[in-house]
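Q: I have a model open and would like to talk through its packing. Could we go through it step by step?

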Amino acid sequence: MAAPKKISNINDEFDPTLLLVIARRNQLWVALVLIVCASAAVIYNRYTHPVFQSNAVLQLNTGSTTAELMQYDPKIFDNNLASEIELMRSSVFLGRVVNKLDLKVSYFKQGNILSFEQYKTCPYRVEVKGISSAIYDIPCYVNFTSANQVKLTYENSQQRYTKVVPVDTWVKVPLIDSLKITVLNPKDLKSDNDILKSNNQYFLINNPEGLISFVSRNLTVSILNEAAKTIKIVFNDRNANKAADVVNTVANEFLTFDVEKKSESASKTLAFLDTTINRLYDNLSTSEDELNKFKLENSIVDDNTEGVKTNPNAGLVSKIDELENDKLEIDFELKTLEVIEKEINKKINDVYGLISLSSTTSNSSITKLLNDLQTLLLGRQNLLYDVTLNSSEIKAKDYQIEIQKKLIVASIASLKASLIMKSKEYGDKIVESNTQLLNKSLGYDIIEFSRLKRQNQINEKYYNQLVIQKAELTVLRAGFVPQNMVLDFGTVSKAPVYPDKKVIVLSAILTWLIISFGLIIFRYLMHSQISNIGDIIKLTQVPILGFVPKFSEEIPVSQLIVDKKPKSLISEAFRSIRANLDFISNTPGAKLIAVTSTISGEGKTFVSINLGGIIAFSEKKVILIDLDMRKPKIHQGFDAPNDRGMSTLLIGKDTIEDCVQHSHLPNLDFITAGPIPPNPSELIISKKMEDVIDELKSKYDVVVVDNPPVGLVTDGIRLITMADYPIYILKANYSKKNFILNIEKLVNENNVTKLGIILNNVENNRNNYGYGYSYGYNYGYGYGYGYGYLYGFGYYDEEKGEGKEKEPLYKRILKKIIPS
């Protein structure tokens, strides 16, 4: 014969018929998974808190008409979408929202499983003052015992508190300095109001930090349209009214907060200008006093025309005035740079002061550097809404600010050096020109007079410039009109967004399908058992003598049943096997039938007993021998004693006549295994065994030997090689496909050429997969078996009228879960 095929432990061939068979066998598990998934979906939809969603749309478009007309730098009033979103998420802003909503106390009604918040629908109101943190988030149950009293019950981790307090009166209770419970409709107390008199109501005093955290977790702020500068605000809550109130409060509070923030920016800038103007006013007064004093001492009436009228050198005086004006511009720029440098060197810069300073200098490079620093400071200020001073983001921003400040200081130092040199050049020229006029025609110190006049002009110019800037900013603040608007307000949702019942049901169905298909595919891939005759045909060329259908009832031990139901399908199957044996050997004389299997439990004893019985029906004398001495069963099948048998016979303790027992069926005798010996292998392969077989063949027409399973021990191989009819038993849906390798080994290595296979326990459902290969197949060995299989389709049937009803579905499911 050909070499045996390699047999995989994984079912790597696609067989749709087998897949359907496995699906049918697992239909109870599929039904059970369906019940579990459906129950889970129903329970989840019924007992999961519904979550409602409300959303609003806000458009950011802040502007100031005055700022546009005056060409004022509008950076401080700009709205950046990302920064505004972070502002809405900040704890500072959400704290304002929580305070606006008055969520200090939450009211609930407890059901059998879930509790529902009575937001704005609670018939009573609780006011508290002086709260201990130990009572935060603890359910405080209320029960109105009368029209004037309410029973208050609550407990923390240390103690349980119960106290009866009057209605609508401030009282002191444990953990609360002052508490007042007010009934919103006093008529409810005088009527039989079940809501007030039930003990399933309670309230919670919310932890302020926890409340802000709760709002933050359920609030979503995102950019809806960047080009249109629209922001979408979404809030989820178990109460639909509360969700709508929160989202609308967030939108409205942002409008208010934005106006306050922008007004604060302008106010702080004005405050900086006021401080600077006051300081300059003192300097200007001092310089004016010194100049007026000098004029008074030198009798100078009009310093602008004095020199021209009295001095014949009018051209020289005009030149000096021109030089002084140029030097005045340079000195003014130097003074501005000194003020900027002083502010920059401060440890913490005032962003609002920088707005004013950036407009005082005429140097474009310094202005650009100041604007960049202003942007960094504004970014740092916005970061503080979300992070602490010690955070890595603030440290990184501070590092950038310090770098920018050093760059500004270095630029100012370079620019100041250049301006000082120019100022000195103009000063030298002015001194030279004044020297020519000194004491010649004016009669006073013209150099000192020029210095005092120039100093006064610088202070006056700087002062006037800041006054003008303050006036512009004041007008700007008055002209600031926020154009943020709420495009869509949040509405009360009627349907929850979670749980979505349709999605849950579809998820349950999908889960059921995945688990069911997964189970069936897994069983299919792991299906390594022989299911039908077709599986045997694919794996070996060893001929098949026939099959034994599955008996309709459970058989506790191997029994003789062909005599009890002679017209049954199982009896006809054994008749077919008996007929097929003639194709193996039909020579005259006594025959030896050796039956074996791979492992215990495949039905070799059952087949041996009933095969012997069906042969005995044909008027042949049959004796059945139990050589499975390690696990004997024939004595149980015939309900016979086992105190003597093959073990005592082979050691010479008993004779054949002593060991032979007669069954209730004529022509069928048997010898049990006897007491279990310590050396069954030695007894079976002994010369005595051959003598016993020869003697029995002389007295009986057929000797049937129930051998040990050759897949576990090799005891029975010798008799298999000696047998006229060697038979190998496989059990459908029990024997592994790789058991075929043992059959091939017997044929190829032990030269058991007459070996035949019987497939036991084949399901006799006419739709069963096993019957696809059961019609008249001939193997070329000169014998067939196909005709016997036709009985499975109604020509012969199991005995009817037994009154056996099909078990209910729930019992079959229980048997699958808890095997008996």
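Q: To start, which residues does Leu 730 touch?
A: Not counting residues up to four places away in sequence, Leu 730 touches Ile 530, Ile 536, Glu 602, Ser 735, Phe 739, Ile 740, Ile 743, Ile 757, Ile 758, Leu 759 and Asn 760. A contact means heavy atoms within 4.5 Å. This is a predicted model, in which local features need pLDDT of at least 70 and side-chain atom pairs count only at pLDDT 80 or more, while totals for chains, interfaces and linings use all residues. Residues are numbered from 1 along each chain as its sequence is written, and side-chain values use heavy atoms, with hydrogens and water left out.

Q: Which members of the largest nonpolar core touch the most other members?
A: They are Leu 627, Met 646, Leu 696, Leu 730 and Leu 759, out of 49 residues in that core. A nonpolar core is a set of buried Ala, Val, Leu, Ile, Met, Phe, Trp, Tyr and Cys residues joined through side-chain atoms within 4.5 Å. Buried means under 20% relative accessible area, exposed over 50%, and partly exposed in between, with a 1.4 Å probe and protein chains only.

Q: What does the second core include?
A: The second core is separate and has 34 residues, among them Val 548, Ile 561, Ile 615 and Ala 640.

Q: Changing topic, what span does helix 16 reach?
A: Helix 16 covers residues 501-525, and its 25 residues reach 35 Å from the first C-alpha to the last, close to the 36 Å expected at 1.5 Å a residue. The expected span is 1.5 Å times one less than the number of residues. Helices are DSSP runs (H or I, at least four residues), numbered from the N terminus.

Q: What caps the N-terminal end of helix 16?
A: Asp 500 does, with a side-chain oxygen 3.2 Å from the backbone nitrogen of Lys 502.

Q: Which helices do the buried residues of helix 16 pack against?
A: They pack against helix 1 (16-25) and helix 2 (27-47). Ile 504, Ala 508, Ser 516, Ile 520 and Tyr 524 are the buried residues.

Q: Why does Ser 516 count as buried?
A: Ser 516 is buried because its relative accessible area is 6%. Ser 516 touches Val 30 and Val 33, not counting residues up to four places away in sequence.

Q: How many disulfides does the structure hold?
A: The structure holds 0 disulfides, a disulfide being a pair of cysteine sulfur atoms within 2.5 Å. Cys 122 is buried, at 7% relative accessible area.

How values were computed: Helices (H or I, at least four residues) and strands (E, at least two) are DSSP runs, numbered from the N terminus. A polar contact is a pair of N or O atoms within 3.5 Å; within protein, one must be able to donate a hydrogen and the other to accept it, and residues adjacent in sequence count only if both atoms are side-chain atoms.
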